[in-house]
Amino acid sequence: MIVERADLSLPVRYSGLDDILKRVPVSVVWEITLACDLACQHCGSRAGRRRRDELTTAEAFDLVDQIAELGARSVGLIGGEAYLRKDWLQIIAAIRAAGMECDLQTGGRNLTDERVGQAAAAGLNAVGISIDGIGATHDRLRGVIGSFEMALAAMRNVRAHGLEVGVNTQINARTLHELRDLMDIIIEAGCHNWQLAITTAMGNAADHPDMLLQPWQMMEVLPLLAELASEGRERGLFLQPASNIGYFGPHESRLRNVMNEEIHFHGCNAGDTVMGIEADGTIKSCPGLPSPYAGGNIRDRRLRDIWENAEPMAFNRRRTVEDLWGYCRTCYYAETCLAGCTWTAHALMGRAGNNPMCHHRALDFDARGLRERLVKVKDAEGRSFDHGEFEIIVEAAGGEAALADG
Amino acid sequence: MAEAGRIPVPLRLCRGCRHFVRIENELCDFCGGDLAALEAAHAEGVAEIRAVTAALRAAIAARGVAEAG
């Protein structure tokens, strides 16, 4: 999302045109460990146990300095579960000492009052807590009975220490119909920022195709989110759609309105203003992307060298309409959108450039009495950030197969 | 010096049907509306709302002063 940076009330992780021109990694998302205390059915990185060769504390400190040198403004710590790394408080303190904001994205299962207090003392700015559905829906998705109540308790702990609390929610077949009620719950709990993302067919999620939304369901998802965004704003909740939500239907402005109705999706920003880091020092242009997108490892090269020169990090600024395929190639919005979220398209189709999870596209098919349905044709191998492969079936809006999309 | 990132291709909002369209368009590709006329009508509406809001604020402030006095 591109906004005018002159508006200082916006979060520092929002990027402006100047950031793109200078290619500043404004927002860095850093998986500091793959260890996790939840067992999420949709986890893209298949978190649970530590990676074999996670960075040492000294290496992490050096990496913080290198991130700051590139001009990053915000570092988000993720996992696994970031607080399971013994030196997580030292890493937070180092990030803050280097002049950057630091937030924690967590499942919140064991984010105790004591832990939050320590993190606040270390300088943590904000916490985003994952809450996907209500009660048993959340517990089932997160693989731990009681995790919904634990997440709410974590929210209370965060607020008690004066930190900003947000909520991250996965939209999938199990959570879609609970979003409205969930919004009431998180507003009541004092949340002001709600980030929503469509569950992407990566890692564990690729093993649960029944959980994934179908492309035609974007006709239900986008109007609902636009409605919730408008209602949320009136109630003090700022809804932030992830880059894999869109694109360009009649609700685009209402959904993405950040104090300006003319803001719209501008395409994937991986490698332009966003950087992802894995716990072993692997550098990617977006935290969710699979290994072919890895630009290198900070144990082998300086971060600046990887950011500026590694070709796998440059796909976004090299991409043109000529690189698109299938429906996206001839779409009205092709030049601006460039097939939306690279992560989503690659995870579904095995390569970027054709993204069926799109509202404009679903509406276009619907106007012709058709819809697209995804069918899994290849399983994922079972590794972190892996994916299977899906085929698009074009069928009558009622469900009868018509033809396959190329 | 880092190579510049991809400069986004901007679009223009049609105030009639709320679709985004190409900035060089005069008519909306989705509803056929005259984009400039729709924008002018929208700006007029916004100005009216602002005027009413300002008048309301002034009335509330005046009432507050009267009650305090």
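Entry 1, the model. I noted that this is a predicted model, in which local features need pLDDT of at least 70, side-chain atom pairs count only at pLDDT 80 or more, and totals for chains, interfaces and linings use all residues. Residues are numbered from 1 along each chain as its sequence is written, while chains are lettered from A and ligands numbered from 1 in the order in which they are written.

Axes are lines fitted to C-alpha atoms, for helices over the stretch in contact, and angles run from 0 to 180 degrees between N-to-C directions. A:Leu89, A:Ile92 and A:Ala93 in helix 3 meet A:Gln118, A:Ala119 and A:Ala122 in helix 4, where contact requires C-beta atoms, placed from the backbone, within 7 Å. Ala, Val, Leu, Ile, Met, Phe, Trp, Tyr, Cys and Pro count as nonpolar, Asp, Glu, Lys and Arg as charged, and the others, Gly among them, as polar.

I next looked up helix 2 (residues 57–69) and helix 3 (residues 88–97) of chain A, which pack at about 20° with axes 9 Å apart. That makes helix 2 roughly parallel to helix 3. Helix 2 passes helix 3 in a right-handed crossing. A:Thr57, A:Ala60, A:Phe61 and A:Val64 in helix 2 meet A:Gln90, A:Ile91, A:Ala94 and A:Ile95 in helix 3. The residues of this contact divide into 6 nonpolar, 2 polar and no charged.

I recorded 14 helices and 13 strands in chain A, taken as DSSP runs numbered from the N terminus (helices H or I, at least four residues; strands E, at least two). Buried residues make up 51% of its 406 residues, a residue being buried if 20 or more other C-beta atoms lie within 10 Å of its own.

I found 15 residues of chain B in contact with 22 residues of chain A. The chain B side divides into 9 nonpolar, 2 polar and 4 charged residues.

Definitions and conventions. Angles under 35 degrees count as roughly parallel, over 145 as roughly antiparallel, 65 to 115 as roughly perpendicular and the rest as oblique. A crossing is left-handed if the near helix is turned anticlockwise from the far one by less than a right angle, and right-handed if clockwise. Two residues are in contact if their C-beta atoms, placed from the backbone, lie within 7 Å. A residue is buried if 20 or more other C-beta atoms lie within 10 Å of its own, exposed if 12 or fewer, and partly exposed in between; C-beta atoms are placed from the backbone.
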